[in-house]
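Please read the points alongside the sequence and the model.

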Amino acid sequence: MTYVETLGAKAKAAEYAAASAPSKLKNDALRAIADALVSNTERIIEANKLDLDNAVKNGMSASMQDRLMLNGARINDIAASVLKLIEAEDLIGSVDFGIVRPNGLKISKTRVPLGVIGIIFESRPNVTVDAATLCLKAGNTVILKGGKEAINSNKCLAEIMREAVESTGLPADVIQLVEDTSRETTTELMKLNEYLDVLIPRGGAGLIKAVVSQATVPVIETGTGNCHIYVDSNADIEMAADIVNNGKTQRPSVCNAVESLLVHKDIADKVLPVIKSKLDGHNVEIRGCVKTAEILGDSVKPASEEDYATEFLDYIISVKVVDSVDEAISHIRKYSTGHSECIVTKSLENAEKFQREVDSAAVYVNASTRFTDGGEYGFGAEIGISTQKLHARGPMGLRELTTVKYLINGNGQIR
C-alpha cells in the first residue's frame, strides 16, 4: 500500500466516527482546535517563518507572500472563525422535506456527510484550518494536500488540530495532511477512487485545470476568478472608482479580486483618470487597449489577448474601452472564469440585462466583487467559491459539504 493509499485507508476507517458524531462532540473538537491554535501561536509563527524565508529565497511576489504569512492577529482570526462554526446549525440528520405517498409510504429527504473529502490547495495556510474544520462540522473526514510553499506551516497546523481532535474522543485521522509535496502524490490523490468521495481543488487556474483534466475522483471546481467590472455610460464616477479600487487593491491575491475593467466609451474620458488616480496609490499596473492609452498616457502598457484572460492575483489590471453594454457582456462571456462580475450603472434596464445575460456564479450591480464570500453572504465559513454548476455554485459552506439520503418507512407495502 502506498503512502497516499495509507492516508485514504485511515480516512475511510475514521469516516463512521465523523459521520455519526453528535453535534456536541463535533463542537467540543472545534473548540479544542480554536483553543489550541491560540495557545500554540508562537509555534505556528516559527513554522510559518521557515516558509516565508523560503518564499523570499525563491522570489515569491509580495502579494503571494501576504497570502502565506501568519501572525498573531491572523491566527486569532482563524481561531475565531473556528469558534463561529460552533454556532452554525448542524445539518446532519436534518430533513429537507418529507412526503406521504398515497400508498402510505413515508419518504424523508435527509442531510448526510459527503464522506471522505480530498482538498488540494495552494499557498494560504489558513485554508488548512478552514477546510479541516468545515469538513469536521459537516461530519466528513478530510485529506489535505497543500503546496510545498506552505508545508512547514501546514504540518504544524495539522499536528495541532489532530492533537486537539483526539483529546475530545474523535479519531485524529478525521484530519490528515499529505506531507509529501511531490507531484506524484498529487496525481495519486486525484485517482484515489477507492477511498475519496470527492476532490476539491482550491487555487489558481493551473492547479484547477490539472485536477479537472487528470482526476478520476469526482471534482468540485473552485477558485479561479478572472473577475470583471463594467462601468456603464451613465455610472456614478466616484462610485465606479471606489468599487474598482476596492475590488483591485483591498486584497489582490484572492479569487474575488477584480482583474479586468471594461468602460463605456461615452464615460471613459471622465472616469478612467479618476480610477487611475486611486489605483496609483497602490502602484497598480494598467494594461489597456489603444483607447485606454490615449486617455491615460504612456504609463499604460498594451494589453494582449492573454492579459484579458489572466487572473493576475497581483497589482495588475487589464482595461478595455467598449462601445456598449452588449460588447461588455460579450467580452465577459469570452474571458470570464464564471466567478464574479459587476456592472456600475444608473440604468435599471442595463442592470437587469447584465444580471440576466452574464453567466457567472455571482453577478453584482453597483457593489464590489470582494463580497463573494460565504461570511459576507451570511452563510458562515466556506470551503471556496464553486465556479461550476453541478452540486454547488458560488460560496461553498456547510450545506455544500453534505449530500442527501432518502429514508422510506412503510408497513408492508409492495409494488
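1. The model is a predicted one. The remarks that follow should be read with that in mind.

2. Helix H1 covers residues 3-20, which makes 18 residues. From its first C-alpha to its last it reaches 27 Å, close to the 26 Å expected at 1.5 Å a residue.

3. Helix H11 spans residues 265-280 and has 16 residues. Its reach from first to last C-alpha is 22 Å, close to the 22 Å expected at 1.5 Å a residue. A kink of about 45° lies at Val271, shortly before the proline Pro273. Val271 is buried, as are Ile267, Ala268, Leu272, Ile275, Lys276 and Leu279. Among the elements covering them are helix H10 (237-249), helix H12 (290-296), and strands E7 (227-231), E8 (258-264), E9 (285-288) and E11 (316-322).

4. An open sheet is formed by three strands in the order E1-E2-E16, with antiparallel pairing. Strand E1 (95-100) and strand E16 (402-409) stand at the edges with a single partner strand each, so one side of each has no neighbour in the sheet. On average, neighbouring strands of this sheet are turned by 20° against each other, direction ignored. Strand E2 (residues 106-113) is joined to E16 by eight bridges. Within this pairing, Arg111 has Val404 in E16 as its bridge partner.

5. Most residues other than glycine have a negative phi. Leu313 is found in the loop between helix H13 (305-308) and E11, and it counts as buried because its relative accessibility is 14%, under the 20% limit.

6. Asn366 likewise is not a glycine and has a positive phi of about 55°. It is placed in the loop between strand E13 (362-365) and strand E14 (384-386). With a relative accessible area of 28%, Asn366 is partly exposed.

7. The count of salt bridges comes to 28. Side chains of opposite charge can pair when their charged atoms come close. In helix H2, Lys24 forms a salt bridge with Asp28, the closest N and O atoms being 2.9 Å apart; the two lie four residues apart, about one turn of the helix. Asp28 also meets Arg31 in a salt bridge, at 3.7 Å from N to O, and these two are three residues apart in H2. Lys24 counts as exposed at 59% relative accessibility, whereas Asp28 at 25% and Arg31 at 38% count as partly exposed.

8. Asp173 and Arg162 meet in a salt bridge of 3.0 Å, N to O. Asp173 lies in the loop between helix H7 (151-167) and E5, while Arg162 lies in H7, so the pair ties together parts 11 residues apart in sequence. Arg162 counts as partly exposed, at 26% relative accessibility.

9. Finally, a network of salt bridges links Asp326, Arg333, Lys353, Arg356 and Glu357.

Conventions:
Residues numbered from 1 in each chain as written. Predicted model: local features only at pLDDT ≥ 70, side-chain atom pairs only at ≥ 80, totals over all residues. Heavy atoms only, no water. Expected span 1.5 Å × (residues − 1). Pairing = 2+ DSSP bridges. Axes fitted to C-alpha atoms, helices over the stretch in contact; angles between N-to-C directions. Bend = angle between axes of the 7 residues up to and from the residue. Buried < 20%, exposed > 50% of the residue type's maximum accessible area, 1.4 Å probe, protein only. Contact = heavy atoms within 4.5 Å. Salt bridge = Lys/Arg side-chain N within 4 Å of Asp/Glu carboxyl O.
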